[in-house]
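Open the model in your viewer and keep the selection tool at hand. Each stop below says what to select and what you will find there.

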Amino acid sequence: MSGARVARRRARPAVVVPAVVVAVVLVVGAVLAVVRPWEPVTGTAIPATGDVRVHDPALVAGADGEPWFVYSTGDVRVGFGSPQVRRSDDAGRTWQDAGTAWDASGDPQWVRDEIDGVENYWAPEVVEHDGTWYLYYSASTFGSNNSAIGVATGSTIDPADPGYGWTDQGVVVRSRPGEDDFNAIDPTVVEDADGEPWLFFGSFWGGIQAVPIEWPSGKPAEGAEPVTVASRSGVPDNAIEAPALLERDGWYYLFVSWDSCCRGTDSTYRIAVGRSRDVSGPFLDAEGQDMALGGGTELLASDGWAIGPGGQSLSAGGGADVLAFHYYDEREGGDFRLALHELGWTDDGWPRAAPIG
């Protein structure tokens, strides 16, 4: 064959396998393919497409057949910096722009009077109680704790509904430089086992705070003072923010963002978690370390082209616990994008999330 080499294989004798052995192997293989006890629990990523240029998502996952909504940090060029709204009609897979929470005419004047330099509203939270929706928002400037959390109320979160509209109810929590060792941004709300609501918030400075609030005002109870529930001992600037709460099987899970956002591909954000039997803590990580003393179990970090996951929220959709967050896409020059993950859970009750990149 003109110098070409031909590989020769030695013939193997035929082996006859009894049918019963074949059946057993197939059954065992099928069971292992489903169970695979040696593989770690990771959860499932929901492939989000469409208009997914979202930062600090507040997810409201609708029941089966109902739309999902994401409210997120505003853009000064759109709706006067109001929180942005996006809608999905296929359980979080495809997203479209649904406008903004308000326009220039609805801008809360008290913010302009109180805090100089506010351009857009950050990291909203959306929660429903007794038929009323509450939209919490953050007003601040980068690197300052001259900040405030405000709240607006409405009857629906769907901008397409004829009854859509938000009525501003003013300040909820205020922080001032030199007076307060916390930063009043990044709100989230959870109800305890008795149905009593709690507001969690905080960014850098004194860390994550918790304070009881009241319905129907959605504001702190008279005389209530914030207490620190999570901090970063020994980390420069106490780089922790963006609390998100989930109640599951008698546990309250506190998810936080560690390190720095908003730097494109140089962002170092990552998500950590701890849990407590009491809504006010202490929140311990998987090693038993108190999050108020620097503890926390890492859930998600940069992975390949997906940089700096964080700014998270949680919602129950379709029977699953869905984690929404943003990351910075290296393939898009470090621009931010929305990600959605159905959490997996270990036998001892710790959340897991699939890699994002």
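Select arginine 337 and aspartate 335: both are buried. This is a predicted model. Show the two side chains and they meet in a salt bridge, 3.1 Å from N to O.

Is arginine 53 buried, exposed or in between? Its relative accessible area is 36%, so arginine 53 is partly exposed.

Arg53, Glu332, Asp335 and Arg337 are linked in a network of salt bridges. The structure holds 16 salt bridges.

For another one, select arginine 232 and aspartate 259. Their closest N and O atoms are 3.3 Å apart, and they form a salt bridge. Here too the pair links distant parts of the chain, 27 residues apart. Arginine 232 sits in the loop between strand S15 (227–230) and S16, while aspartate 259 sits in the loop between S17 and strand S18 (270–276). Arginine 232 counts as buried because its relative accessibility is 8%. Aspartate 259, at 15%, counts as buried as well.

Next, go to the sheet that contains S2. Which strands stand at its edges? The sheet is open, with 5 strands in the order S2-S6-S5-S4-S3 and mixed pairing. Strand S2 (49–50) and strand S3 (58–60) are at the edges; each has a single partner strand, so one side of each has no neighbour in the sheet.

Zoom in on strand S5 (residues 84–88) and strand S6 (residues 94–100). They pair in the antiparallel sense over 3 bridges. Pick glutamine 84: its bridge partner in S6 is threonine 100.

Step back to phenylalanine 80, in the loop between strand S4 (68–72) and S5. Check its backbone: phi is near 60°, a positive value in a residue other than glycine. Phenylalanine 80 has a relative accessible area of 41%, so it is partly exposed.

Aspartate 186 also has phi near 60°, again positive in a residue other than glycine. Find aspartate 186 in the loop between strand S10 (167–175) and S11. This residue counts as buried, because its relative accessibility is 9%.

Switch to a surface view. Select Glu128, Asp130, Glu191, Asp194, Glu196, Glu214 and Glu222: they gather in a patch of negative charge on the surface. Within that set, pick aspartate 194. It lies in the loop between strand S11 (188–191) and strand S12 (197–201). Its relative accessibility is 66%, so aspartate 194 counts as exposed.

Glycine 250 is in the loop between strand S16 (240–248) and strand S17 (251–258). At 33% relative accessibility, glycine 250 counts as partly exposed.

Finish with two peptide bonds. Tryptophan 215 and proline 216 are joined by a cis peptide bond, with omega about 10°. Proline 216 is in the loop between strand S13 (208–214) and strand S14 (219–220). Glycine 281 and proline 282 are also joined by a cis peptide bond, with omega about 5°. Look for proline 282 in the loop between S18 and strand S19 (297–300).

Key:
Residues are numbered from 1 along each chain as its sequence is written. This is a predicted model: local features need pLDDT of at least 70, side-chain atom pairs count only at pLDDT 80 or more; totals for chains, interfaces and linings use all residues. Side-chain values use heavy atoms; hydrogens and water are left out. Patches are made of residues with over 30% relative accessible area and no salt bridge: like charges are joined within 9 Å, nonpolar side chains (Val, Leu, Ile, Met, Phe, Trp, Tyr) within 5 Å. Accessible areas come from the Shrake-Rupley method with a 1.4 Å probe; for residues, only the protein chains shown count as cover. A salt bridge is a side-chain nitrogen of Lys or Arg within 4 Å of a carboxyl oxygen of Asp or Glu. Lys and Arg count as positive and Asp and Glu as negative; His and the chain ends are not counted. The place of a charge is taken as NZ of Lys, CZ of Arg, CG of Asp or CD of Glu. Helices (H or I, at least four residues) and strands (E, at least two) are DSSP runs, numbered from the N terminus. Buried means under 20% relative accessible area, exposed over 50%, partly exposed in between (1.4 Å probe, protein chains only). Two strands pair if DSSP finds at least two bridges between them.
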